[in-house]
Amino acid sequence: EWTRQLGEDIDSEIADMTKEYQKKLEAERDATLRFKGENGIMKKRFTALVKDIEDQKEEIKQMLEKEKKLNDHVTEQGERIRSKKRITRDKDETIGFK
């Protein structure tokens with residue numbers, strides 16, 4: 001009788017422990033699935049941010065090129081203005097001598 005009761009107690013304890021660890025295992029599986037989902041979302045966000053950064057770098061590069069062209073154009077126009085002023089001054093001086 002005593003050995004039968006001991007056997008039942010051991011079986012009951014094993015069953016309880018099995019249930020407990022099954023619950024823990026299920027919770028860990030759920031957490032793993034949740035983390036995998038979150039990881040996928042983070043990867044998509046990261047990829048989108050990397051693409052945005054690359055797009056902005058390209059836009060900055062284009063803007064810098066445009067700025068250089070505009071600065072070159074301003075310099076060229078400044079030279080043309082100075083040249084026209086010189087020509088006008090020379091003509092004024094020539095007219096003044098006559």
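This is a predicted model: local features need pLDDT of at least 70, side-chain atom pairs count only at pLDDT 80 or more; totals for chains, interfaces and linings use all residues.

Residues are numbered from 1 along each chain as its sequence is written, and side-chain values use heavy atoms, with hydrogens and water left out.

The protein has 1 helix and 0 strands; helices (H or I, at least four residues) and strands (E, at least two) are DSSP runs, numbered from the N terminus. Helix α1 covers residues 2-97. Taken along the principal axes, the box filled by the C-alpha atoms is roughly 145 × 15 × 10 Å. The radius of gyration is 42 Å, whereas a compact globule of 98 residues would have a value near 13 Å. That radius is taken over C-alpha atoms, and the globule rule is 2.2 Å times the number of residues to the power 0.38.

Glu28 and Arg82, 54 residues apart in sequence, have C-alpha atoms 79 Å apart. Between Asp52 and Glu13, 39 residues apart along the chain, the C-alpha separation is 58 Å.

How much of the protein counts as buried? Of its 98 residues, 2% do, where buried means under 20% relative accessible area, exposed over 50%, and partly exposed in between (1.4 Å probe, protein chains only). Accessible areas come from the Shrake-Rupley method with a 1.4 Å probe; for residues, only the protein chains shown count as cover. Within helix α1, Glu28 is exposed at 54% relative accessibility. Asp52, also found in helix α1, is partly exposed at 41%.

The charged side chains number 24 positive and 24 negative, and the centres of the two sets lie 14 Å apart. Lys and Arg count as positive and Asp and Glu as negative, with His and the chain ends not counted; the place of a charge is taken as NZ of Lys, CZ of Arg, CG of Asp or CD of Glu.

The whole structure contains 6 salt bridges, each a side-chain nitrogen of Lys or Arg within 4 Å of a carboxyl oxygen of Asp or Glu. One of them joins Glu8 to Arg4, with the closest N and O atoms 2.6 Å apart. Because Glu8 and Arg4 are 4 residues apart in helix α1, they are separated by about one helical turn. Glu8 is partly exposed at 39%, as is Arg4 at 43%. Another salt bridge links Glu20 and Lys24 at 3.5 Å, N to O, and these two are likewise 4 residues apart in helix α1. Lys68 and Asp72 meet in a salt bridge of 3.1 Å, N to O; both lie in helix α1, 4 residues apart, about one turn of the helix. Lys68 is exposed at 54%, whereas Asp72 is partly exposed at 42%. Through salt bridges that share partners, Glu1, Arg4 and Glu8 form one network.

Trp2, Leu6, Ile10 and Ile14 make a nonpolar surface patch of about 430 Å². Patches consist of residues with over 30% relative accessible area and no salt bridge, like charges being joined within 9 Å and nonpolar side chains (Val, Leu, Ile, Met, Phe, Trp, Tyr) within 5 Å. Ile14 belongs to helix α1 and is partly exposed, at 47%.
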